[in-house]
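Try each task before you read its solution.

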Amino acid sequence: MTNLVKAGDFPRVFDSSMMASWKSCPQFFYRTYVQHLKPKGLSVHLHAGKAFASGIEVAREQFYVHGKPAEEAVALGGMRLVKDYGDFECPPDSAKSLERTLGALEFYFDNYPLSHDKYPPITLPSGKRGIEFSFAVPIDRKHPQTGEPLIYCGRLDALLQLDSQTPGAYITDEKTTSSLGPTWSRQWDLRSQFTGYAWGCRESGIRADGVIVRGVSILKTKYDTQQAISFRAPWQIDRWYEELLLYIDDIIRAWETSKWRHNYDSSCADYGGCALKNACSSEDPNPWLETYFERRAWNPILRTEDQVEV
């Protein structure tokens with residue numbers, strides 16, 4: 001059963017993707033998270049990445065929770081990846097086919113073997129292992145329509161222990177990509193996504209001192225991987241939260257005044273070009289939106305798509 005979301009209403013829940021879109025372009029935020037307009041069809045990058053993440057999660061659970069041998073756990077993770085990838089047709093110019101994405105999962109565990117991974121999942125206060133940890137925490141801002149507290153949420157791939165001598169957990173995130181260059185590992189030091197995750201962990205009673213990011217590049221002829229470790233000090237988490245509230249204030253103001261600015265800058269061309277570029281280039285964007293977009297509302301807490309009422 002899905003919830004019903006009304007197009008034009010102010011969002012009740014925020015996450016890192018929503019905040020990144022606001023900082024990138026308020027108009028993009030408005031079209032995506034207020035009007036709930038999404039391009040028709042699935043992105044191969046999002047689809048393959050989601051299937052890959054599911055495979056990693058299942059393999060970890062089978063090994064650390066259910067005690068399966070590493071080889072069997074990885075095989076079960078691969079079965080989950082195949083199921084989640086389904087009959088999606090990969091574009092011919094993309095390397096993220098089912099076969100290559102499944103190979104990336106095997107490559108990942110060849111490089112970070114379950115039986116020899118020096119960063120095991122922590123044990124949470126609930127007694128569960130730190131695999132696929134989620135949080136949804138009220139923040140100090142009210143919904144402009146209902147008056148209820150707004151929610152900030154996040155979902156972590158895992159919470160790992162850096163070593164037996166280091167207290168606290170390390171947020172872990174696996175990222176599939178097309179390439180890993182010399183600067184790849186340096187892009188995470190100030191990434192808001194992970195600082196927000198550290199805040200969510202702290203609010204949930206878990207100390208998170210940093211993040212372990214593992215990247216896997218999927219090319220048509222080879223794979224590659226890099227691992228980056230980045231730290232988060234308490235003052236960084238405090239500052240992130242203070243500025244989150246300021247950003248939320250800006251979004252509320254835009255909603256109340258119906259003033260959603262266009263960026264008209266580098267974000268229009270990032271990652272191969274914004275999906276809204278043609279609409280923003282037109283005096284009347286409606287024909288583009290009606291033809292190439294559909295209404296789908298992503299629920300970041302339930303991780304489902306809600307129905308949208310226009």
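**Exercise 1. Find how far apart the mean positions of the positive and negative charges of the chain are.**

Step 1: Step 2: place each charge at NZ of Lys, CZ of Arg, CG of Asp or CD of Glu. Step 3: there are 36 positive and 40 negative charges, and their mean positions lie 1 Å apart.

The model is predicted, so local features need pLDDT of at least 70 and side-chain atom pairs pLDDT 80 or more, while totals for chains, interfaces and linings use all residues. Residues are numbered from 1 along each chain as its sequence is written, and side-chain values use heavy atoms, without hydrogens and water.

**Exercise 2. Decide how the rings of tyrosine 108 and phenylalanine 109 are arranged.**

Step 1: rings of Phe, Tyr and Trp (its six-membered ring) pair if their centres lie within 6.5 Å; planes under 30 degrees apart are stacked, over 60 edge-to-face, the rest tilted. Step 2: the rule gives 25 aromatic pairs. Step 3: the rings of tyrosine 108 and phenylalanine 109 have centres 5.0 Å apart and planes at 85°, so this pair is edge-to-face.

**Exercise 3. Work out how helix 2 sits in the structure.**

Step 1: helices (H or I, at least four residues) and strands (E, at least two) are DSSP runs, numbered from the N terminus. Step 3: among the buried ones are Phe29, Tyr30 and Arg31. Step 4: the cover includes strand 2 (13-14), helix 1 (16-24) and helix 7 (234-257). Step 5: histidine 36 follows helix 2, with a positive phi near 65°.

**Exercise 4. Describe the surroundings of valine 213.**

Step 1: valine 213 lies in strand 7 (residues 208-218). Step 2: valine 213 is buried, with a relative accessible area of 0%. Step 3: leaving out residues up to four places away in sequence, valine 213 has contacts (heavy atoms within 4.5 Å) including Trp184, Trp188 and Phe194. Step 4: Trp184, Trp188 and Phe194 belong to one aromatic cluster, which also includes Phe135 and Tyr241. Step 5: leucine 245 is 32 residues from valine 213 in sequence and 26 Å away in space, C-alpha to C-alpha.

How values were computed: Lys, Arg positive; Asp, Glu negative; His and termini not counted. Buried < 20%, exposed > 50% of the residue type's maximum accessible area, 1.4 Å probe, protein only.
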